[in-house]
Amino acid sequence: MSTHDLRLDEIINAEAFQRKLHELADSTSEDYTSPATRKVILQALKDALIRGRANAETMLIKDGGGTLCATRLSYLMDTLISALFELVTTKIFPMRNPSKAENMAIVAVGGYGRGGLAPGSDIDLLFLLPYKQTPWGEQVVEYMLYMLWDMGLKVGHATRNVDECIRLAREDMTIRTALLDARFLTGNPELFDTLTKRFDVEV
C-alpha cells in the first residue's frame, strides 16, 4: 500500500515537525540543555502524540482499517523518535569531532519493529553502538528515554554494541526473536546494516 493510501501526512508532517522542534529550541535560550528548552520540547512532543493519535482514531472510524491504524500509529512514533534524536544529536549534545565510537543507530525491535502499534503498546527500542558505550552515547540515550517516559510511553529498551547483540542473540531466544523484526529508525544506517548482515550469517 502506498504512502498516499495510508494518508500518513494527515497523522504528522515529519519535516514540519522537525523544523518546529528546532525553532522551539532556538527560541528558549542559548543553552539547549536548560530545563526551559526541555520543557517546550517535551510539550511539543506530547501535543504531536495526542494530535496524531486523535487523527488515527478518526481515520479508523471512517475506514475501519485496524491494520492501517496500527501502521499509522507506528509511523507517528517513528517520526517523533527520529525528530527527537536528530535534535538531541545536533543541538543538545552535538559532536564537533566524533570518533568512530561516537555514533549510534536507533532500531525498532519486537512488535514495534514489525511496523504496527496498537494504542498503549510498548515501544521496544535498541540503541545500537559500534563499540562500547561512550559518555556522549550515555547522554543521548538518557535524554531520549526520559523524554519518552515523560510523554507517558512504555519503553522497552536496550543499549548494546553489535558484538553484544550477536552474542546475546545466540544465547537468548527472546533477544533472537526480537532482532528478527529489527527495523532501522534513525542514526547511522551502516551500523544497522552491519548488525543485520552479521545476524543473518552468524545467528
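Trainee: How do β1 and β4 pair, parallel or antiparallel?
Mentor: β1 and β4 are antiparallel partners, joined by four bridges. Strands here are DSSP runs of E with at least two residues, helices are runs of H or I with at least four, and both are numbered from the N terminus. Two strands pair if DSSP finds at least two bridges between them. Keep in mind that this is a predicted model, where local features need pLDDT of at least 70, side-chain atom pairs count only at pLDDT 80 or more, and totals for chains, interfaces and linings use all residues. Residues are numbered from 1 along each chain as its sequence is written, and side-chain values use heavy atoms, with hydrogens and water left out.

Trainee: Which residue of β4 is opposite Ile106?
Mentor: That is Thr186. Toward β2, Ile106 stands opposite Phe127.

Trainee: And how do β1 and β2 run?
Mentor: They run antiparallel, with four bridges joining them.

Trainee: Where do the β1 side chains point?
Mentor: Ala105 and Val107 point one way, Ile106 and Ala108 the other way. All of them are buried, meaning under 20% relative accessible area with a 1.4 Å probe, protein chains only.

Trainee: What order do the strands take in the sheet?
Mentor: The order is β3-β2-β1-β4, four strands in an open sheet with mixed pairing. β3 (155-161) and β4 (183-187) are the edge strands, each pairing on one side only. From one strand to the next, the twist averages 25 degrees.

Trainee: What about β2 and β3, how many bridges there?
Mentor: Seven bridges, and β2 (residues 123-129) pairs with β3 in the parallel sense. Ile123 stands opposite Val155 in β3.

Trainee: Which helix packs on the sheet?
Mentor: Helix α4 (residues 66-92) does, touching β1 (105-108), β2 and β4. Contact means heavy atoms within 4.5 Å.

Trainee: New topic: at what angle do α7 and α9 cross?
Mentor: The axes of α7 (residues 162-171) and α9 (residues 189-202) cross at roughly 30 degrees and come within 10 Å. Axes are lines fitted to C-alpha atoms, for helices over the stretch in contact, and angles run from 0 to 180 degrees between N-to-C directions.

Trainee: Why is α7 called roughly parallel to α9?
Mentor: Because angles under 35 degrees count as roughly parallel, that crossing makes α7 roughly parallel to α9.

Trainee: Which residues meet there?
Mentor: Among them are Val162, Cys165 and Ile166 in α7, and Leu191, Leu195 and Phe199 in α9.

Technical notes. Parallel < 35°, antiparallel > 145°, perpendicular 65-115°, else oblique. Buried < 20%, exposed > 50% of the residue type's maximum accessible area, 1.4 Å probe, protein only.
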